Amino acid sequence: MNNISTTSSSNLPQTALIAGYSGLLPQILAAILVFTDSEYRWTGLAAAYGYAALIFSFLGGIWWGFGMTARKTDAAAGPIFILAVAPSLIAFATYLPWIWGWEWPGPSLAWIGIFLIASPLADRWLQHRCHLPLGWMKLRWHLSLGLGGLTLLLAVMA
């Protein structure tokens, strides 16, 4: 069995697609905790925020990797690396309200959800500066709309 088989419209390995889509499971489980209105509701909200912020930061790492290994020869490196650092800084900024005792996690979930949904626009920008795999944009839109949408839904429930 070939571990790195690809789909017909993608150069992405099938295992990457499976792993990517399974990455929605933690947010789905957090949503279940919130919607069952159990004693673990707060745990679900906090876990949903933490996971969304972690994945948003992870995207910056992916963009950094593209800048290091897949940058087109005529593309300036500086803007790519600035973009790559932004998700971690934004995620940290959305964590500050909890530290300072402000309203949390609703607004923080909402901001992270919005940034996740919009994040494929950064990939579109990168597409002109880096060599991205065939099928990358489709996967990014699916996962970003899925995770970002779930995160926004949980923000409403917070």
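The tour visits a pocket and then a pair of helices.

This is a predicted model, in which local features need pLDDT of at least 70 and side-chain atom pairs count only at pLDDT 80 or more, while totals for chains, interfaces and linings use all residues. Residues are numbered from 1 along each chain as its sequence is written, and side-chain values use heavy atoms, with hydrogens and water left out.

Begin by selecting Gly20, Ile55, Phe58, Leu59 and Leu143, which are the closest to the centre of the largest pocket among the 18 residues that line it. The volume of this pocket is about 320 Å³. (On a 1 Å grid over the protein atoms alone, a pocket is an open set of points where a 1.4 Å probe fits, with protein on both sides within 12 Å along at least five of seven lines, and lining residues have an atom within 4 Å of a point.) Next, colour α1 (14-22), α3 (41-69) and α6 (136-157), each of which supplies at least two lining residues; the largest share, 6 residues, comes from α6. By class, the lining has 14 nonpolar residues, 3 polar and 1 charged.

To see the contact (heavy atoms within 4.5 Å), select Gln27, Ile28, Ala31, Val34 and Phe35 of α2 together with Leu147, Leu150, Thr151, Leu153, Leu154 and Met157 of α6. This contact of α2 with α6 comprises 9 nonpolar and 2 polar residues, and no charged ones.

Technical notes. Grid points are joined across faces, edges and corners, and a volume is the space filled by probe spheres set on the points. Helices (H or I, at least four residues) and strands (E, at least two) are DSSP runs, numbered from the N terminus. Ala, Val, Leu, Ile, Met, Phe, Trp, Tyr, Cys and Pro count as nonpolar, Asp, Glu, Lys and Arg as charged, and the others, Gly among them, as polar.
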